[in-house]
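These are my notebook entries on one protein chain. I set down what I looked up, entry by entry.

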Amino acid sequence: MILRTFFRMVWVVTAFIIAAAAALAVLLVLGAIWVGDELRAAAPHDPLLEQGAPIFGVVLFAGTVGPALTALPAIIAVVAGEVLRIRSWMYYVLAGGASLAAIPLLAAQESADLAQVIASHAMTVFAAAGFAGGFIYWLLAGARA
């Protein structure tokens, strides 16, 4: 019984790390595309940005968003799902999306308009990455909570 619980805890941590890596990959890809499009729109005739906008997008997005990332909301969602033995894919997908969608809200300036932050591309990118991470976690460990 104790050994089984120990292995379950190890598997939950491993599944969380894999799901977080998948969510981070989706976040960086979508963020790079978004920032690359914004760079192209800002300088439409720049030959350097014609080919390198996605690369610049990854660097800029990771540099500005990376420090704001926190795993605490996702960890709370995973612990709640495991303790309450929630096996629904919908819980993990929505909890993953909500945990990453909280980051733009938490990182917004005090003077920022809440409706504008919610309608921003950043919210869409973070929520999509959270949905992907939540689904990966459910596939690996959540279905057997």
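**Entry 1: The overall fold**

I read along the sequence and recorded that the protein chain follows the pattern α-α-α-α-α-α. I counted six helices and zero strands in the protein chain. Helices (H or I, at least four residues) and strands (E, at least two) are DSSP runs, numbered from the N terminus.

I noted that this is a predicted model, in which local features need pLDDT of at least 70, side-chain atom pairs count only at pLDDT 80 or more, and totals for chains, interfaces and linings use all residues. Residues are numbered from 1 along each chain as its sequence is written, and side-chain values use heavy atoms, with hydrogens and water left out.

I then looked up burial: of the 145 residues in the protein chain, 31% are buried. Buried means under 20% relative accessible area, exposed means over 50%, and partly exposed lies in between (1.4 Å probe, protein chains only). For contacts, defined as heavy atoms within 4.5 Å, I took those with a separation of 6 or more; residues 24 or more positions apart account for 72% of them.

**Entry 2: The salt bridge**

How many salt bridges does the structure hold? I found one. A salt bridge is a side-chain nitrogen of Lys or Arg within 4 Å of a carboxyl oxygen of Asp or Glu. The partners are Glu-82 and Arg-8, whose side chains meet at 3.0 Å, N to O. As a general point, side chains of opposite charge can pair when their charged atoms come close.

Are the two partners buried or exposed? Glu-82 counts as buried, at 17% relative accessibility, whereas Arg-8 is partly exposed, at 21%.

**Entry 3: H1 against H3**

Two packed helices are described by the angle between their axes and the distance between the axes. H1 and H3 pack at an angle of about 145°, with their axes 12 Å apart. Axes are lines fitted to C-alpha atoms, for helices over the stretch in contact, and angles run from 0 to 180 degrees between N-to-C directions.

I recorded the crossing of H1 and H3 as right-handed. A crossing is left-handed if the near helix is turned anticlockwise from the far one by less than a right angle, and right-handed if clockwise. On the H1 side I listed Arg-8, Val-12 and Phe-16, which meet Ala-74, Ile-75, Val-78 and Glu-82 in H3. These residues divide into five nonpolar, no polar and two charged. Here Ala, Val, Leu, Ile, Met, Phe, Trp, Tyr, Cys and Pro count as nonpolar, Asp, Glu, Lys and Arg as charged, and the others, Gly among them, as polar.

**Entry 4: H4 against H6**

I turned to H4 and helix H6 (residues 121–140), whose axes come within 7 Å and cross at roughly 145°. This crossing is right-handed. The residues of the contact divide into 18 nonpolar, four polar and no charged. The H4 residues that meet H6 include Trp-89, Tyr-92 and Leu-100, and the H6 residues include Phe-126, Gly-130 and Trp-138.

**Entry 5: Ser-99**

I located Ser-99 in helix H4 (residues 89–107). Ser-99 counts as buried, at 8% relative accessibility. A polar atom of its side chain lies 2.9 Å from the backbone oxygen of Gly-96. Leaving aside neighbours within four places in sequence, I found Ser-99 in contact with Pro-73 and Ala-74.

Ala-19 has its place in helix H1 and is buried, with a relative accessible area of 5%. Which residues does Ala-19 touch, not counting those up to four places away in sequence? I listed Gly-133, Ile-136 and Tyr-137. Ala-19 and Tyr-137 are 118 residues apart in sequence, yet 5.1 Å apart in space, C-alpha to C-alpha.

Trp-34 is also found in helix H1, and counts as partly exposed at 24% relative accessibility. Its C-alpha atom is separated by 8.6 Å from that of Ala-122, 88 residues away along the chain.

**Entry 6: Arg-85**

Finally, I looked up Arg-85, in the loop between H3 and H4. Arg-85 is exposed, with a relative accessible area of 58%. Its phi is near 55°, a positive value in a residue other than glycine.

Note on methods. A polar contact is a pair of N or O atoms within 3.5 Å; within protein, one must be able to donate a hydrogen and the other to accept it, and residues adjacent in sequence count only if both atoms are side-chain atoms.
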